[in-house]
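Colleague: Before we talk about how the chains meet, please put the model up. I will ask what each term rests on.

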Amino acid sequence: MGLQRPALEAKISNLLSIPVVAGAAGALVVFALLPQIAELIREQLSANLSPTMAKLAATAIGVGAVVFLITQLPIFLIWWERKIAAHIQDRLGPMRVGWHGVLQSFADGMKLLFKEDIIADGADRFLFKLAPFLVVMGVFSAFAVLPWADGLVISDLNIGVLYVIAITSFGAIGILMAGWASNNKYALYGGMRSAAQMVSYEIPTAIIILSVVVQVGSLNLQDIIAAQQGGFGDFQNWFIFRAWGLNVIGFVSFFICGLAETNRNPFDIPEAESELVAGYHTEYSGMRFALFFLAEYGAMFFVAGVAVVLFLGGWSGPVFSGPLVFFLKILAIVFVQMWIRWTLPRLRVDQMMALCWKYLIPIAFVVLMGAAVLQVSGG
Amino acid sequence: MKEYFLDFWDAVSSTATGMAITLRHLFMKNETQQYLSDEKPETRWNSVIVPEGLLQDRSRMRLYVKMEDCIGCLQCEKVCPVDCITISTEKRQKTELPIFAANGQGIKQRVVQFDIDMSLCCYCNLCVYPCPTDCIVMTPEYEFAERDKTNFLYRFAKDKATPPEPPEEKKEAEPVAAG
């Protein structure tokens, strides 16, 4: 007799998960047709508005679309990560809320939305409120230069790579601010560690990006992708397959640096649960905490996107080209990030610093010099 | 200098080994058993029919005592780490009919109180091991939530305590209530 209500709930949540799964499938279709849709919108705008206004409106629509993507993507990514974690540990993961738990993220998000917004007594109220927005801003504004297809990029900066390096370090300020404003020793430790980590790993990241820039001769992300087009099956010219394996080392190093910059395992020392409670967001609750979460998954996606652009040909994929291929490639990299998270244990602070300064930076310089030598000798 | 380069090999090979293991586990069969699966044990007091493979072999659920076999040795009460078992016994008279547990052991004590507070029970299974007649068991019954905490006090004893010896002076026989 106690069975009927849960059974009914299961039925309802299964029904509710239909629109969610349909929406995910629809998103993939939209991704596949993105160039055509963008062309359509551009035509409409240029027919109805003055050139300046049309450009402005197109940018606004692009920004809206990308912000929508980054805010909705964690719903999928969190569910996916929990599923991967569970299956790696021979568990099932979320199964109750919706079909195989697809509504779990909605339930969690709803919970965070309704939670009390607490600001601790001794906290610096202004900085405490400002910090999550800075973190989110750093991640979101980085997406401005990520190219989705030929001519489909919010801002086609000719110093795109430089912008990426600069804006990704923006998050360190926010995290340090969150740690300081919380007036909590664990939060402060987390913030300090995060700042040390991000500043250290900026260096090998920047140098490896430079090694690609040396091979292209341009800082524009679209030019970097254009240099990787063509060849056998449209993937022969990807940078990871060039320069006799030198770029494979570069790609792996960049991937490791990306993990460290987004504070992912095995480099999640800023939020090490076993030592620091939750690190810099110990004192945060409700929607402000959700913003940090959003920023983490956004940063994961962005770092994977940059890795795809630099080494895996961006949107000019194998066989097909376009936003869908780009998106799937990013998801593949994100999968590896999650896979590593549930494989490796957390590094100690000194081990992490040793990895950066003793191993990654020398490797990065070797890759850069090798790329330069190859470029000069190859003409 | 040689060690420096060996470190690279160590890092790459050990990470690859770990990732191979986790990838294998990603596609392994899961151990999780869903709570509200279609198959459920037919729950009846003392007789639970469990479908094959529904529960783990060593699952520990609600306690049950077969009072017919209990010899009142108090071993389960002594071993219980949370003191959720309360037993009181009294000696059976020599004149009473000799009774035996299922394994042939003579029952010398009359168990007049055998209370288990399942709200305290920590499901450690320690009471089951020392029982000489295997009369206290863990059943596969797991769905027994209650609205009132006092309902978790299970009283297993069937025998009533012998009333204290009547005083010397004889009482007048009370009139039998009309049926």
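Modeller: The contact takes 13 residues from chain A and twelve residues from chain B, where two residues are in contact if their C-beta atoms, placed from the backbone, lie within 7 Å. This is a predicted model: local features need pLDDT of at least 70, side-chain atom pairs count only at pLDDT 80 or more, and totals for chains, interfaces and linings use all residues. Residues are numbered from 1 along each chain as its sequence is written, while chains are lettered from A and ligands numbered from 1 in the order in which they are written.

Colleague: Which element supplies the largest share of the side of chain A that touches chain B?

Modeller: Helix 3 of chain A does, with three residues. Helices (H or I, at least four residues) and strands (E, at least two) are DSSP runs, numbered from the N terminus.

Colleague: Why are helix 3 of chain A and helix 1 of chain B called roughly perpendicular?

Modeller: The axes of helix 3 (residues 51–88) of chain A and helix 1 (residues 2–26) of chain B cross at roughly 100° and come within 7 Å. Angles of 65 to 115 degrees count as roughly perpendicular (under 35 roughly parallel, over 145 roughly antiparallel, the rest oblique). The two helices are therefore roughly perpendicular to each other.

Colleague: Which residues make that contact?

Modeller: A:Ile84, A:His87 and A:Ile88 from helix 3 of chain A, with B:Thr22, B:His25 and B:Leu26 from helix 1 of chain B.

Technical notes: Axes fitted to C-alpha atoms, helices over the stretch in contact; angles between N-to-C directions.
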